[in-house]
Amino acid sequence: MECYFDNSATTRCYESVKDIMIRTLTEDYGNPSSMHKKGVEAEKYVKDARDIIAKNLKVNAKEIFFTSGGTEGNNLAIIGTAMANCRAGNHVITSAVEHPSVTAVMEHLEENGFRASYIPVDANGVLRMDALEAALDEETILVSVMYVNNEIGAVQPIQEIAELVHKKAPKAKIHVDAVQAYGKYRILPKKLGIDLLTASGHKIHGPKGVGFLYVNDKVKIKPISYGGGQQEGMRSGTVNTTGIAGLGAAVKELYTGFDEKIERLYAVKQAFVNGIGTVEGAVIHGLVGKESAPHIVNVSFPGVRSEVLLHALEEYEIYVSAGSACAAGKKHAVSPTLTAIRLDKEQLESAIRFSFQLETTLDEVEFCIEKLREVVPKLKKYTRR
Amino acid sequence: MFQAFLIKYGEIGIKGKNRYLFEDALVKQIRHALKPVEGEFQVSKEQGRIYVACPQDYDYDEAVEALQRVFGIVGICPTVCVEDEGFDKLSRDVLAYMDEVYPDKDKSFKVCARRARKNYPMDSMEINAEMGHRILEAYPQMHVDVHDPQIMLTIEVREKIYIYSEIIPGPGGMPVGTNGKCMLLLSGGIDSPVAGYMVAKRGVKIDAVYFHAPPYTSERAKQKVVDLAAQVAKYAGPVYLYVVNFTDIQLYIYDKCPHDELTIIMRRYMMRIAEELARKNEALGLITGESIGQVASQTVQSLAATNEVCTMPVFRPLIAFDKQDIIDIAEKIGTFETSIQPYEDCCTIFVAKHPVTKPSIPVIKRSEKKLEEKIDEMVAQAIETAECVIVS
């Protein structure tokens, strides 16, 4: 039984996504910017996708900009806002548990004369509101906070954060990296007070290499790349019809019968959490109930190095992640989130992320737990002494 | 502009009656090296020379690069090759050659003619004098220096006439396949590919063995070793890489033996397995990347302890090299970047905090006694299930 429990790294494409993408590659392959009929046909795919997403977020279609994915979305949102608002102030705020595509951008801004504050989190990875309140000042032009943490699934109180920010720093814009949240929550930016929101296609059963950025039309941002002026000049470059069509199809299918799907996913996660309780020495990080995301569970198995457990599970076609996939592959890559929630060294070195998807079955969960109960004690016996 | 390469080879020229064996091996290796280069190259051996005739259109840099990896080649001479249509035509060709190859004319030269075809109307002295004259006439900035010329212009008169003056250095050594075959213990580190390269350079064909320890070592670690073998194969020709699953043996040793002896005992079993694989595949020796004192398992005492299990010769070309010298070679042969990818190999996963550095063979043997019950069976199993990957 294949158990792909690395859905926070990427997901498998829906069939409907694949089908529409193939159509845009071989039949309706025109350039949406072309004036002839072939171009118009292609443009329709883009328009449809934009409408699906706008409807889903309850925003205006022209507030959606297609990007190459989460990293570009976060870059455009943060750099674009900072550049457009640098006369109003030079202070930017983010949390201590962001994805590198936010943290590294903040560092880039710091190198270019901005001041950045990194708000700490509590032991569950949730932003400390008191620290945020203390950091806000009249110079603050941007607050960027992720919706769902990619490593432990902690959910940030976005609405509360937005209220606080708008009250205390009226000039500040709110950016939300929703790469791990979109497709797991119904997100209504206008209701939550979000000015900019990043999402990515391949985390929601869409294709890689495509995503979108929502930008409230009252918010001014500057582009970060220049060229043919596509997408209102905000994102030049031939429009990625194939990816965008796939993204639209993914959103459409995913949000059909959505509430039920999420209920099921929580049930899967709960079953897994219960099972983990029976594995010798296992420690779950962060909250586990509905206060946390429905698809991520991060567990340490002290005494078993995460990389070894990962490969041991691989033997049974159980695929998981050691730390966050984006940080993996580097030797001694220390997870920013797990460090921020102050895990000890043993827990840090043995942390594994399990991330599920809407179609994960209870059988898969059971199989995985069974194998963990088998493998973990065995591996624990053989460690460096 | 060059239609051929004249290949100069050193050491193999002096091998007496065996000479043809070495030349044939060299021709074979040249053909192999040029295979990935687009176009038909004709490699031929005539009168103590090897010629590579090039196709109409070919990538010169790529061809030279490929030839520079063939052991046994001392020099590669890019050659212009013309039909014999009289001396006037020849001198025009030579002048054109000089103009193209030496845009800066302020140089000294010497003409060195060789008349292999004796019915050519001029003898070599006459060709030298007349050609020198014509070059000086055409390019007055040039001057002749017969003792230490900057340009040694060679004109070889055979069926066709070959003109060359440049010698691009080759790697030296001896053609692979002329000195039997050895089994390289390839770990994924910096040293072992370099060791393989060095022994291959002496004409030895290389097989390799890698000890894989899933789940402690990953698929990527294995892929890294395959990549390293492929880089060695660029010089040594196709490498048969035997991937041995070592996990069970390693855990068994871990269970039964004192922990500080684990690395030494493990290495002794690696040597035993490698030797057995070598024997089965008609290799005559083992090659390791060991270097005295580099790590605990490479002290002289440790080396003696590991060596003790082998009856075959174990070649350790890096034995007295400093790390930096090894790294320099690794960079030169293009294995360094791959070697430093951070995947664990099976030598490091269970390494003790304080491994023995001066193991005593009797003590180690006593510890190994504790493995008696199952180890032979496990070793046999490991050898039998070894996967062979042909890397070229």
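Predicted model: local features only at pLDDT ≥ 70, side-chain atom pairs only at ≥ 80, totals over all residues.
**View 1. Chain A as a whole.**
Chain A holds 13 helices and 12 strands. Its C-alpha atoms fill a box of roughly 65 × 55 × 35 Å, taken along the principal axes. The radius of gyration of chain A is 21 Å, which agrees with the value near 21 Å for a compact globule because that is what 385 residues would give.

**View 2. The seven-stranded sheet of chain A.**
This open sheet runs in the order β2-β8-β7-β6-β5-β3-β4 (chain A), and its pairing is mixed. The edges are β2 (64-67) and β4 (115-119) of chain A. Each edge strand has a single partner, so one of its sides is left without a neighbour in the sheet. From one strand to the next, the twist averages 20 degrees.

**View 3. The pairing of β3 and β4 in chain A.**
Strand β3 (residues 91-95) of chain A runs parallel to β4(A). Five bridges join the two strands. To find one place in this pairing, look for Thr94(A), which stands opposite Tyr118(A) in β4(A).

**View 4. A helix across the sheet of chain A.**
Helix α3 (residues 70-84) of chain A lies across β2, β3, β5 (140-146), β6 (173-177), β7 and β8 of chain A. Against β7(A), helix α3 of chain A runs at about 165 degrees.

**View 5. A loop residue with positive phi in chain A.**
His205(A) is not a glycine, yet its phi is positive, at about 70 degrees. His205(A) sits in the loop between β7 (196-200) and β8 (211-215) of chain A.

**View 6. Helices α1 and α8 of chain A.**
Helix α1 (residues 15-26) and helix α8 (residues 241-254) of chain A have axes that come within 8 Å. They cross at roughly 155 degrees. Angles over 145 degrees count as roughly antiparallel, so α1(A) is roughly antiparallel to α8(A). The crossing is right-handed. From α1(A), the contact takes Ser16(A), Val17(A), Ile20(A), Met21(A), Thr24(A) and Leu25(A). From α8(A), it takes Thr241(A), Thr242(A), Ala245(A), Gly246(A), Ala249(A), Ala250(A) and Glu253(A). By class, the residues of this contact are seven nonpolar, five polar and one charged.

**View 7. Where chain A meets chain B.**
Nine residues of chain A are in contact with 11 residues of chain B. The side of chain A that touches chain B has five charged, three nonpolar and one polar residues.

**View 8. The six-stranded sheet of chain B.**
An open sheet in chain B has six strands, in the order β14-β13-β10-β11-β12-β15 (chain B), with mixed pairing. Strands β14 (314-315) and β15 (387-391) of chain B are at the edges. Each has a single partner strand, so one side of each is left without a neighbour in the sheet. Within this sheet, β10 (residues 181-185) and β11 (residues 205-212) of chain B run parallel, joined by five bridges. Lys181(B) has Lys205(B) in β11(B) as its bridge partner.

**View 9. A cis peptide bond in chain B.**
The bond from Pro214(B) to Pro215(B) is cis, with omega near 0 degrees. Pro215(B) lies in the loop between β11 and α6 (219-236) of chain B.

**View 10. Strand β7 of chain B and two partners.**
Strand β5 (residues 108-115) of chain B runs parallel to β7 (residues 151-157) of chain B, with seven bridges between them. Lys110(B) stands opposite Met152(B) in β7(B). Strand β8 (residues 161-164) of chain B runs antiparallel to β7(B), and four bridges join that pair. There, Glu156(B) stands opposite Tyr162(B) in β8(B). A hairpin of three residues joins β7(B) to β8(B).

**View 11. Helices α8 and α9 of chain B.**
Helix α8 (residues 262-280) and helix α9 (residues 300-307) of chain B pack at an angle of about 40 degrees, with their axes 8 Å apart. That angle makes α8(B) oblique to α9(B). The crossing of α8(B) past α9(B) is right-handed. On α8(B), the contact is made by Ile264(B), Arg267(B), Arg268(B) and Met271(B). On α9(B), Ser302(B), Ala305(B) and Thr306(B) take part. By class, this contact has three nonpolar, two polar and two charged residues.

Key: Residues numbered from 1 in each chain as written. Chains lettered and ligands numbered in written order. Pairing = 2+ DSSP bridges. Axes fitted to C-alpha atoms, helices over the stretch in contact; angles between N-to-C directions. Parallel < 35°, antiparallel > 145°, perpendicular 65-115°, else oblique. Left-handed = near helix turned anticlockwise from the far one by under 90°. Contact = placed C-beta atoms within 7 Å. Nonpolar A, V, L, I, M, F, W, Y, C, P; charged D, E, K, R; others polar. Rg over C-alpha atoms; globule rule 2.2 N^0.38 Å.
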